[in-house]
Amino acid sequence: MRFENLVNEIDYIELVNFDEIMCEEFDGITSNSKKVDSKDLFFCLTGEQVDGHEYASEAIMNGARACVVERRLAEDFPQIVVESTATAIAKISSLFYSEPSSKLNVIGVTGTNGKTTVTHLIQHLYEAFDQKCALIGTLGNKFKSSDSYHDVKHTTPQAPELQKVLYHVNENFIDNVVMEVSSHALEQQRVAYVDFNGAVLTNLTQDHLDFHITMENYFRAKARLFADLVTGDFAVINVDDEYAPRFIKAISETVSVYKYGIKNQADVMAKNISFDENGAKFTCVVQGKEYDVKLMMNGMFSIYNVLAALTTALALKFDVEKSIRVLEKIPGVAGRFEVVVNKPTVIVDYAHTPDGLENVLKSAKEITPKGGKLICIFGCGGDRDATKRPKMGAIAEKYADKVIVTSDNPRSENPQQIITDILAGFKSVNEVVVEPDRELAIKEAYKIATPLDVVLVAGKGHEDYQILADETIHFDDREKVREIFIGNNL
């Protein structure tokens with residue numbers, strides 16, 4: 001892309017030392033000064049902890065041809081001064097890759113919990129109706145459900161990486177994309193200039209307050225996805241969520257709104273719900289017509305996820321009964337209420353928020369046999385919202401018969417301090433086992449569990465690493481559970 005075409009497309013405040021390169025082309029876009037290639041355009045993003053302006057000189061030394069900045073720098077190299085580098089990188093990335101989302105049907109799924117599962121269910125539905133669909137999310141991206149994941153660092157990639165993925169989706173003759181849209185991505189403009197055709201809300205409960213500070217800010221970030229929908233687009237809303245009326249209010253009257261729920265009247269509803277060790281059963285009511293459903297997935301949260309996917313199918317005009325039969329055959333997503341071992345039943349789940357932990361514990365309680373105990377192992381991440389720690393402690397004490405508090409990803413925080421914060425939520429800590437070493441915590445559960453018990457290992461789910469203060473080590477809850485409970489490796 002030529003620099004002269006670029007400057008004609010964006011609102012800039014000032015061009016510095018640009019005359020000699022105006023007719024040149026740049027070959028790439030990046031905000032990482034250490035990964036700059038020759039003739040790249042470098043963006044100085046201002047993040048939570050790092051100011052990209054401090055790395056502009058390094059980027060130029062590594063080959064960048066020019067920098068996009070929010071303030072003019074003293075160094076003598078080409079600069080484009082803009083009001084917001086976050087907005088500019090989103091727009092320029094879209095232009096650089098020929099506005100790929102405008103050629104695609106893009107569905108964004110947002111919410112505190114359930115995004116990963118819902119996106120996977122929607123991808124399966126598209127494929128069941130002979131339509132190709134790419135997926136972008138926490139586990140990575142893939143162009144069809146049978147593909148392996150291509151790893152990404154964020155639930156929603158940074159703008160250049162996201163637009164590049166969408167470009168390759170086009171190149172592979174795929175018409176549809178379903179993607180997880182995080183609140184960080186919305187707040188940081190990563191998905192600005194992505195043309196969404198539909199948006200799905202799973203729920204909104206406490207999370208990421210270390211970044212958003214308040215629930216109001218968290219809501220406003222999520223609501224942007226829905227407020228930006230235009231005539232011809234659709235929104236799918238969980239009407240049982242307390243924020244649902246506010247999300248609906250944010251949506252233009254020209255956008256089609258489809259609702260799902262269990263407690264409140266909706267287009268797609270579930271009733272007569274029951275659970276056993278094999279999954280969930282319920283009656284699904286779709287615009288007044290009833291269908292019997294038998295899922296391989298378990299837990300009330302799984303029913304909500306299935307309702308979200310089924311309501312999206314309704315919005316897409318897919319046949320309802322066929323959609324239900326497709327969803328019945330799906331076993332679930334890695335690390336989401338994943339049964340890893342039987343007798344005792346050991347479940348690994350990604351739940352890392354108060355609401356997520358409560359939902360999973362309720363579901364685990366429902367399948368705990370008479371005479372069996374529910375044992376919960378969990379911790380909380382370091383350098384994240386500390387206010388949720390005692391809340392999660394109180395929830396674990398309420399639903400579990402035995403609680404083992406351990407480490408999650410402590411990062412730069414003292415693991416013992418995180419555990420102390422969690423224990424503050426307990427009415428009594430006499431029956432709580434504290435074991436900061438996560439592997440030893442799982443071994444402790446093995447020692448006390450009987451064949452009738454259910455053991456929930458919560459917090460990390462699909463993750464195969466643990467982030468410590470000075471290093472990141474390989475650690476997969478599922479591997480450790482199999483090693484300890486099946487291999488009896490103590």
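This is a predicted model: local features need pLDDT of at least 70, side-chain atom pairs count only at pLDDT 80 or more; totals for chains, interfaces and linings use all residues.
Ten strands are named in one of the sheets, which is open and runs in the order E8-E7-E9-E6-E10-E11-E12-E13-E14-E15, with mixed pairing. Strand E8, formed by residues 140–142, and strand E15 stand at the edges of this sheet, and each has a single partner strand, so that one side of each is left without a neighbour in the sheet. On average, and with direction ignored, neighbouring strands are turned by 15° against each other. Within the sheet, strand E12 (residues 256–261) and strand E13 (residues 268–276) are paired in the parallel sense over two bridges, and glycine 261 is placed opposite methionine 269 in E13. Helix H4, which spans residues 115–128, lies across strands E6 (105–110), E7 (133–137), E8, E9 (176–180) and E10 (198–201), and its direction runs at about 170° to that of E9.

Another open sheet is built from six strands in the order E16-E17-E21-E18-E19-E20, and its pairing is likewise described as mixed. Its edges are held by strand E16 (338–341) and strand E20 (432–434), each of which has a single partner strand, so one side of each is left without a neighbour in the sheet. From one strand to the next, the twist averages 20°. Strand E19, comprising residues 402–405, pairs with E20 in the parallel sense over three bridges, and isoleucine 404 stands opposite valine 433 of E20. Helix H16 (residues 477–486) packs on this sheet, where it touches E16, strand E17 (345–349) and strand E21 (454–458), and the direction of the helix makes about 30° with that of E16.

The pairing of E16 with E17 is antiparallel and extends over three bridges, with valine 341 standing opposite valine 346 in E17. The two strands form a hairpin with three residues between them, and lysine 343, which lies in the turn, has a positive phi of about 55°. Lysine 343 is joined to proline 344 by a cis peptide bond, for which omega is about -5°, and proline 344 is found in the loop between E16 and E17. A positive phi, of about 70°, is also found at tyrosine 193, although this residue is not a glycine; tyrosine 193 lies in the loop between H6 and E10. As background to these backbone features, most residues other than glycine have a negative phi, and most peptide bonds are trans.

One cavity of 30 Å³ or more was counted, and the largest cavity has a volume of about 40 Å³. The lining of the largest cavity consists of Phe282, Cys284, Val293, Leu295, Val306, Leu310, Ile324 and Leu327. Two or more of these residues are given by each of strand E14 (279–286), strand E15 (289–295), helix H10 (300–315) and helix H11 (320–328). By class, the lining of the largest cavity holds eight nonpolar residues, with no polar and no charged ones.

The second largest pocket contains about 220 Å³ of space. It is lined by 15 residues, of which Val191, Val194, Phe196, Arg224 and Asp228 lie nearest its centre. Helix H6 (183–187) and helix H8 (215–227) each supply at least two residues to the lining of this pocket, and that lining divides into 10 nonpolar residues, one polar residue and four charged residues.

Contacts between parts of the chain were also considered. The structure holds 12 aromatic pairs, including an edge-to-face pair between phenylalanine 3 and phenylalanine 18, whose rings lie 5.5 Å apart from centre to centre with 85° between the planes. This pair links distant parts of the chain, since phenylalanine 3 lies in helix H1 (residues 3–9) and phenylalanine 18 in the loop between strand E1 (14–16) and strand E2 (28–30), 15 residues apart. Aspartate 355, located in helix H12 (residues 354–366), touches Asn113 and Thr205 when residues up to four places away in sequence are not counted. By contrast, the C-alpha atoms of aspartate 355 and lysine 322, which are 33 residues apart along the chain, are separated by 32 Å.

How values were computed:
Residues are numbered from 1 along each chain as its sequence is written. Side-chain values use heavy atoms; hydrogens and water are left out. Two strands pair if DSSP finds at least two bridges between them. Helices (H or I, at least four residues) and strands (E, at least two) are DSSP runs, numbered from the N terminus. Axes are lines fitted to C-alpha atoms, for helices over the stretch in contact, and angles run from 0 to 180 degrees between N-to-C directions. Contact means heavy atoms within 4.5 Å. On a 1 Å grid over the protein atoms alone, a cavity is a set of points where a 1.4 Å probe fits but cannot get out, and a pocket is an open set with protein on both sides within 12 Å along at least five of seven lines; lining residues have an atom within 4 Å of a point. Grid points are joined across faces, edges and corners, and a volume is the space filled by probe spheres set on the points. Ala, Val, Leu, Ile, Met, Phe, Trp, Tyr, Cys and Pro count as nonpolar, Asp, Glu, Lys and Arg as charged, and the others, Gly among them, as polar. Rings of Phe, Tyr and Trp (its six-membered ring) pair if their centres lie within 6.5 Å; planes under 30 degrees apart count as stacked, over 60 as edge-to-face and the rest as tilted.
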